[in-house]
Amino acid sequence: MKHTIAFELNGRAVEVAGVRSTLSLLEMLRDELGVTSPKAGCLSGDCGACNVHLDGDVVPSCLVLAPMVEGRRVTTVEGLSSGPDDLAPLQEAFYENLAAQCGFCTSGQLMTAQALLAANPDPTRPEVRAWMAGSLCRCTGYYKIIDAVLDAAGRIGVGPVPTGGRA
Amino acid sequence: MAITEFEAVTDWHRPLPDTDFFSAGSVAEATQLARRPGAQFIAGGTALVRFGRWGGQVPPALIYIGQLGELRDIAAEDGSVRLGSLAVHSQLASSPVIRERIPLLSQAATEVAGPAVRNLATLGGNVVINWDLVPPLLALDAQVHVHDGAAEKTLPLVALYDESGQPLLASSELITAVTVAGDLPRSSYQKVARRHAVSRAVMGVAVAMDLDGDTCRDVRIGLGGAGLHSRRLTAAEDELRGQVLTDAIVARAGEIAEAAAADAFEVMDASPWYTQQMARVMTERAISDAAGRPVV
């Protein structure tokens with residue numbers, strides 16, 4: 001069954017035609033819309049590499065079917081800032097704390113951490129560790145990622161990404 | 001692992017087969033749409049998509065109920081809490097009503113999957129696939145409300161499943177809510193898993209208890225895991241009720257749990273022997289923790 005899906009992507013209205021029912025949000029973003037920051041890792045919701053925001057909540061885009069996104073708001077890393085010269089505070093913190101190595105998991109880590117800081121702007125280290133548990137990294141050993149999230153929490157302007165959603 | 005299983009696992013980047021997909025605007029419409037041959041409800045979709053990729057069946061028609069906001073409410077009632085079936089795990093974990101009245105459920109919900117999956121996965125879905133919230137819900141004496149389009153019926157959660165752990169629901173029967181008792185003030189949830197965060201419980205044991213000094217006034221125990229269908233542990237409850245909780249009686253309850261898990265089956269995460277051992281150990285820990293005794 002084919003659908004035409006209209007939704008908001010990073011603040012901009014988009015429409016995708018000819019979408020089959022079981023296309024994932026991840027596939028729709030990457031293959032139909034060319035938004036490649038969400039990565040296809042485990043495709044099972046275990047690794048967090050495909051995490052995006054759906055109505056402000058962080059979700060694994062590999063487990064969301066495209067028709068479920070109709071009329072909703074999706075935010076990816078591309079929506080966190082306007083480009084490399086205008087990094088969001090969380091991205092700056094990842095950069096300065098060397099929290100990315102190969103970078104495969106980084107988009108998912110950023111979206112996951114952004115959701116934490118939006119709901120809890122001043123988390124403790126154990127809270128960061130617990131929240132990031134579903135976002136796997138095979139390079140950094142996690143310490144630098146946790147440091148970066150805590151560092152970002154200390155910076156001004158790490159509010160919710162401009163998509164709203166329930167806290 | 002057989003070669004065919006290996007192929008199934010390594011082929012999971014293949015697209016899911018296409019299927020019909022209808023969004024329901026009301027419970028009545030959902031139950032009507034679900035009368036189509038082979039139809040299945042889908043809400044969060046986490047289990048269905050995940051298992052579909054792993055080679056599980058994708059039904060010919062999906063009836064999407066995720067937009068039925070009225071099924072997401074959590075409401076305190078007299079002596080119980082009514083949980084809408086579409087409440088997601090992150091709601092169960094953070095709801096002030098649940099944290100205050102039934103902390104056992106908020107604790108268990110926090111231990112299911114990771115935070116992103118918890119934003120999608122629903123209570124009703126967890127119950128239908130007989131997953132990790134079922135042992136705590138059994139310990140909370142949960143009642144399940146099921147709507148077939150014409151009327152709502154209520155049945156105890158313990159009566160929802162057949163002997164193979166499958167829910168006894170027609171395809172057009174929709175779980176609309178789960179009501180749990182908040183009558184036993186002490187509780188504990190103990191889980192062991194491959195990775196404590198994210199992974200399914202190899203064994204999860206939930207205990208709800210009321211104490212009078214050191215004496216167990218009342219208790220309910222639910223247990224289950226990847227290799228053991230969820231169940232109430234009534235034999236151990238009977239052993240504990242009215243007794244002073246000594247090391248010996250806690251150990252006796254653990255032995256009952258081990259014996260009750262004799263039908264454990266082989267899964268990727270655990271052998272039947274290991275599942276049985278964990279039934280004993282986690283039962284002892286959960287009882288001790290609920291009673292405020294040292295957990296060994």
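Trainee: Before we start, how are the residues numbered?
Mentor: Chains are lettered from A in the order in which they are written, and along each chain's sequence the residue numbers start from 1. Local features need pLDDT of at least 70 in this predicted model, and side-chain atom pairs count only at pLDDT 80 or more, while totals for chains, interfaces and linings use all residues.

Trainee: How many residues does chain A bring to the contact?
Mentor: Contact here means heavy atoms within 4.5 Å. Chain B brings 32 residues, and from chain A the contact takes 32 residues.

Trainee: What area do chain A and chain B bury between them?
Mentor: Buried area is the accessible area (1.4 Å probe) that two parts lose on being put together, summed over both. Carbon and sulfur atoms hold 60% of it, and the total is about 2700 Å².

Trainee: Which residues of chain A lose the most area to chain B?
Mentor: Three residues together make up 22% of what that side buries. They are A:Met1, A:Leu63 and A:Met68.

Trainee: Which residue forms a salt bridge with A:Lys2?
Mentor: A salt bridge is a side-chain nitrogen of Lys or Arg within 4 Å of a carboxyl oxygen of Asp or Glu. The count between the chains is two salt bridges. In the one with A:Lys2, the closest N and O atoms are 3.9 Å apart, and the partner is B:Asp18.

Technical notes
Side-chain values use heavy atoms; hydrogens and water are left out.
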